[in-house]
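The following account leads the reader through the structure in steps, from the parts of one chain to the contact between chains and then to local detail. Please keep the sequence and the model in view while reading.

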Amino acid sequence: MKIVSWRHKDLLGIEGLTKEEIELIIETTSNMKEILKRTIKKVPTLRGKTICILFYEPSTRTRSSFELAAKYLSADTISIATSVSSVQKGESLLDTVKTLEAMGIDALIIRHSSSGVANFLAKKLSCSVINAGDGMHEHPTQALLDVYTVYEKKRRIDGMKITIVGDIMHSRVARSNIYVWKTVGSNVTVCGPSTLIPPGIENLGVKVEYNIDKALEDSDIIYVLRLQLERQKKSLFPSLREYHYLFGITEDRVKKAKKDVLIMHPGPMNRGVEISSEVADSSQSVINEQVTNGVAVRMALLYLLLGGGKLE
Amino acid sequence: MRLLIRNVLIIDPENEIEVKKDILIENGIIRGISERINEKECETIEGEGKIIVPSLTDIHTHLREPGFEWKEDLLSGSMSAVAGGFTSIACMPNTLPPLDQRSSIEYIYKRSKEIGLVKIYPIGTITKGREGKELAEIGEMFYAGAKGFSDDGNPVLNSEILRCALEYSKMFSVPIIDHCEDTYLTQDGSMNWGKTATLLGLKGMPWVAEASMVARDIFLVQLTEGKLHIAHVSCWQSIEIIKWAKNNNINVTCEVTPHHLVLTEEHVKEKDYDTNTKVNPPLRTKEDQEALWKALKDDIIDVIASDHAPHHQDDKMKEYDLAEFGISGLETMIPLLITFGYYYRKIPLSKIFKKISYIPSKILNIPFIPIKENNLANFTLIDIYEERKVDSSKFYSKGKNTPFDGWKLKGWPILTIVDGKIVFQDGMVKNA
């Protein structure tokens with residue numbers, strides 16, 4: 001691998017990252033993973049740094065993953081749930097983060113339902129901003145943990161066929177995954193109900209396929225997206241039953257893909273809707289590894305962004 | 001007051017004629033226009049590189065009073081208008097309460113006379129409370145001076161209500177101005193539908209939301225023989241339908257905004273979610289932009305209007321999808337049109353200015369005062385050589401929300417005279 005250094009203040013999305021930078025993140029993640037295997041998994045690298053985790057949307061895994069990542073690197077963390085904060089008193093987003101910055105935080109990890117929020121805040125703040133998911137835009141750390149998981153299993157990330165199945169329209173995970181796989185040199189096919197495929201997605205260099213069986217042919221990775229159940233109310237698809245019939249990933253369908261296909265899902269899953277339990281719990285599924293790697297990737301990113309010292 | 005402007009290009013937008021002459025104004029009246037006026041002891045302006053345009057009119061502005069005075073009020077909006085070079089403006093009724101009855105219309109006239117800068121002509125609502133349910137008192141408002149009727153900001157979704165409005169307003173020969181948007185298609189949207197919205201993860205507002213309503217409206221005009229003006233046309237499909245309507249002698253006119261002529265959806269991405277690019281109708285594609293310029297040249301588009309929509313920074317400095325729609329446009333419209341219309345697209349000045357003076361005056365049936373001897377001076381002097389950067393912090397408008405901040409533009413108003421009174425000169429509004 002080429003030696004590159006990290007040059008960004010913020011991580012707002014995968015768009016704009018180079019292949020070399022993604023490789024650097026993978027390499028750093030491997031080091032972090034080694035730390036996680038120790039009996040005492042704590043290093044002093046980010047001692048004295050303060051990281052604020054501000055989530056405007058409910059989350060279990062991303063939030064705890066970031067918090068643990070920061071703690072394993074000895075950073076101090078504060079985690080704010082908007083349901084018990086001044087946000088409930090009508091404070092604007094900008095005022096909330098300015099208040100936090102005034103207390104001296106080094107990084108802000110933000111999740112929000114509005115697209116572009118991380119970009120907006122990065123322009124207003126001098127601390128690092130890490131996008132933990134903004135609306136339908138990007139979820140960069142998810143895509144990076146996904147690419148790392150594949151690297152760990154297959155020792156390569158290029159020249160593969162990744163098939164992303166589900167609600168592409170509303171998915172930040174899909175957008176970040178498309179960027180990451182196209183950047184490292186793999187092919188992406190997206191598949192889902194036509195009402196949930198956003199206009200102009202082909203401009204990102206992906207193939208659109210409505211027939212799931214065709215889409216899965218020769219796939220190295222089946223990436224299953226969570227179906228947000230409230231989309232049905234907006235007439236974007238008729239019923240969960242029909243969705244499962246047309247797009248649900250079942251054991252039979254997995255057979256269309258390559259023998260060594262990996263099954264991935266960003267969680268939380270709707271078992272029996274977008275993915276059957278048999279597939280989710282099969283030997284090809286790396287859904288739990290994704291979660292473990294999430295901590296390591298986030299450690300790597302915090303380390304790179306906050307300019308930590310030598311790893312011990 | 002004695003003012004001599006030497007060797008200045010005088011635009012006659014009605015007849016699309018441009019002539020270079022000297023012009024003398026005395027006590028608010030145009031005393032002489034000729035090749036050479038020899039007058040001493042009067043203020044003299046060298047007219048080289050300058051043009052004079054009569055009765056500059058912006059028929060689509062939001063002045064926010066009553067109800068939203070922190071965004072704009074009739075005073076700040078009037079100052080913004082004359083600084084932008086306008087002698088007449090029409091204000092939309094989406095205030096709180098909306099301008100939906102006689103007393104509200106009278107209030108606008110009363111305040112605007114007290115302020116004494118620009119002539120303000122109120123537009124009344126089509127329906128009571130802008131709710132789209134029952135016709136407002138259009139006749140009462142008309143006799144109080146309302147010059148058009150619109151639920152602007154909202155479309156009239158119910159076709160039967162719009163049919164009644166077009167039918168009823170015929171009695172007064174007054175236009176119905178419709179904001180064409182099928183709001184079922186645009187719900188929760190914040191930019192144009194398409195590839196850029198997909199990249200940015202923003203909910204899109206498709207062109208068909210506009211074009212389908214334009215088509216419906218045009219057929220309703222054909223049915224009722226009423227008078228319709230379509231606000232802020234933004235996509236090529238709307239243009240095609242309007243072209244068809246005009247070819248079939250249907251009584252419809254339309255307007256375009258400077259921002260739809262100059263910007264495209266790409267700008268939302270380039271400016272990285274800058275909410276000053278959030279406007280309704282949304283900035284469209286390059287293809288739409290080219291169609292709008294062509295329609296302007298071919299006179300399918302009758303009018304250029306700013307859709308001046310001032311907002312406080314608190315309404316804009318927020319999440320893109322939660323920010324308000326709108327651009328503060330009065331003070332950038334003229335330089336944008338001269339820079340991009342005249343210099344870049346080579347459209348004759350008289351053609352551009354006809355669409356912001358003579359034609360809008362005729363549509364709203366408000367005074368158009370040509371530049372003629374013994375007429376009241378009601379015109380704007382514009383320096384078409386002057387080049388400078390837009391600085392929103394210097395706007396007279398309370399709304400600093402412009403995507404053009406920092407743009408270098410050429411062609412700025414330097415003197416505005418309304419009914420014989422100098423209201424703006426040398427960058428300063430002359431308040432009473």
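**Domains, chains and a covered helix**

A salt bridge joins the side chains of Glu152(A) and Lys33(A), with N and O 2.5 Å apart. The model in which this pair is found is a predicted one. The rule finds two salt bridges across the interface of domain 1 of chain A and domain 2 of chain A. Eleven residue pairs, both members at pLDDT 80 or more, are in polar contact between these two domains. On the side of domain 1 of chain A that touches domain 2 of chain A, at least two residues each come from α1 (19–36), α2 (61–72), β3 (107–112), β4 (128–134) and α11 (287–305) of chain A. The largest share, seven residues, is supplied by α1(A). By class, this side of domain 1 of chain A has seven nonpolar, nine polar and seven charged residues.

The two parts of chain A are set out by the domain assignment: domain 1 covers 19–135 + 292–306, and domain 2 covers 140–290. Their C-alpha centres lie 26 Å apart. In the contact, 23 residues of domain 1 of chain A meet 21 residues of domain 2 of chain A. The size of an interface is often expressed as the accessible area that is lost when the parts come together. Between domain 1 of chain A and domain 2 of chain A, the buried area is about 1,800 Å², and carbon and sulfur atoms give 60% of this area. Of the area that domain 1 of chain A buries against domain 2 of chain A, Ile22(A), Ile26(A) and Asn293(A) supply 30%, more than any other three residues.

The next interface lies between chains. About 1,700 Å² is buried between chain A and chain B, with carbon and sulfur atoms giving 54%. Ser115(A), Phe120(A) and Pro199(A) supply 27% of what chain A buries against chain B, more than any other three residues. Three salt bridges are found across the interface of chain A and chain B. Glu15(A) forms a salt bridge with Lys269(B), in which the closest N and O atoms are 2.9 Å apart. The rule also finds ten residue pairs in polar contact across the interface of chain A and chain B, both residues being at pLDDT 80 or more. The elements α3 (93–102), α4 (117–124) and α6 (172–184) of chain A each supply at least two residues of the side of chain A that touches chain B. Among the contributors to this side, α4(A) gives the most, with five residues. The side of chain A that touches chain B has ten nonpolar, nine polar and five charged residues.

Within chain B, helix α1 (residues 74–83) is mostly covered, as nine of its ten residues are buried. Among these are Leu74(B), Met79(B) and Val82(B). The elements that cover the buried residues of α1(B) include α2 (102–115), β8 (119–122) and β16 (408–418) of chain B. Following α1(B) is Gly85(B), with a positive phi near 100°.

Thr275(B) is found in the loop between α10 (266–270) and α11 (286–297) of chain B. Thr275(B) counts as buried because its relative accessibility is 7%. Leaving aside residues up to four places away in sequence, Thr275(B) touches Lys316(B), Lys318(B), Tyr320(B) and Ala323(B).

Note on methods
Residues numbered from 1 in each chain as written. Chains lettered and ligands numbered in written order. Predicted model: local features only at pLDDT ≥ 70, side-chain atom pairs only at ≥ 80, totals over all residues. Heavy atoms only, no water. Domains from an automatic or database assignment. Contact = heavy atoms within 4.5 Å. Buried area = accessible area lost by both parts, 1.4 Å probe. Salt bridge = Lys/Arg side-chain N within 4 Å of Asp/Glu carboxyl O. Polar contact = N/O pair within 3.5 Å; in protein donor to acceptor, adjacent residues only side chain to side chain. Helix = DSSP H or I, 4+ residues; strand = E, 2+ residues; numbered from the N terminus. Nonpolar A, V, L, I, M, F, W, Y, C, P; charged D, E, K, R; others polar. Buried < 20%, exposed > 50% of the residue type's maximum accessible area, 1.4 Å probe, protein only.
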